[in-house]
Amino acid sequence: QVQLVESGGGLVQAGGSLRLSCAASGNILSLNAMGWYRQAPGKQRELVAIISIDDRTNYQEAVKDRFTIARGNAKNTVYLQMNSLKPEDTAVYYCWLNGPLERRDYWGQGTQVIVSS
């Protein structure tokens with residue numbers, strides 16, 4: 001069983017910052033592509049940021065200059081530092097991991113981020 005545990009969501013005022021954390025465990029490799037997606041009410045789930053196994057990063061244009069994704073020191077951990085938050089960043093944020101051996105994606109339960117005006 002593969003588990004992805006997220007933390008760090010909450011309520012913040014516009015212009016503030018949050019740091020999301022994700023730790024994955026189970027029958028997976030020690031190094032995987034990981035990232036964050038988000039889903040706002042009535043919207044499709046969309047990519048926020050990903051980091052590949054060779055540490056290349058990819059960001060949604062709307063967050064590129066404000067968010068930073070990075071690996072933690074522990075295996076299969078990832079962080080999303082979110083600065084200069086805007087109300088349009090309000091969404092449920094989901095941690096994601098790609099398992100190349102299983103050829104499937106794993107998802108966390110999601111953590112709510114609410115940015116007030």
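Buried means under 20% relative accessible area. The legends below describe a predicted model.

**View 1. Thr111 in strand E11.** Thr111 belongs to strand E11, residues 111-116. Its relative accessibility is 10%, so Thr111 counts as buried. The Thr111 side chain reaches the backbone nitrogen of Gly9 at 3.3 Å. Apart from residues up to four places away in sequence, Thr111 touches Glu6, Gly9, Leu20, Ala91, Val92 and Tyr93.

View 2. Glu6 sits in strand E1, residues 3-7. Glu6 is buried and has no salt bridge. Arg45 carries the nearest side chain of opposite charge, 7.9 Å away.

View 3. E7 and E8 (residues 77-82) pair in the antiparallel sense over 5 bridges. Ala70 has Tyr79 in E8 as its bridge partner.

**View 4. Salt bridges around Arg38.** Side chains of opposite charge can pair when their charged atoms come close. Arg38 is buried, with a relative accessible area of 4%. Arg38 and Asp89 meet in a salt bridge at 3.0 Å, N to O. This pair links distant parts of the chain, 51 residues apart: Asp89 is in the loop between E8 and strand E9 (91-99), and Arg38 is in strand E4 (residues 34-39). Asp89 is buried too. Glu46 also forms a salt bridge with Arg38, with the closest N and O atoms 3.0 Å apart. Glu46 is partly exposed, at 33% relative accessible area. Arg38, Glu46, Arg66 and Asp89 are linked in a network of salt bridges.

**View 5. The Asp55 and Arg71 pair.** A salt bridge joins Asp55 to Arg71, with the closest N and O atoms 3.0 Å apart. Asp55 is in the loop between strand E5 (46-51) and strand E6 (57-59), while Arg71 is in strand E7, 16 residues apart. Asp55 counts as partly exposed at 48% relative accessibility. Arg71 counts as partly exposed at 24%. The count for the model comes to 5 salt bridges.

Conventions. Residues numbered from 1 in each chain as written. Predicted model: local features only at pLDDT ≥ 70, side-chain atom pairs only at ≥ 80, totals over all residues. Heavy atoms only, no water. Helix = DSSP H or I, 4+ residues; strand = E, 2+ residues; numbered from the N terminus. Buried < 20%, exposed > 50% of the residue type's maximum accessible area, 1.4 Å probe, protein only. Lys, Arg positive; Asp, Glu negative; His and termini not counted. Salt bridge = Lys/Arg side-chain N within 4 Å of Asp/Glu carboxyl O. Pairing = 2+ DSSP bridges. Polar contact = N/O pair within 3.5 Å; in protein donor to acceptor, adjacent residues only side chain to side chain. Contact = heavy atoms within 4.5 Å.
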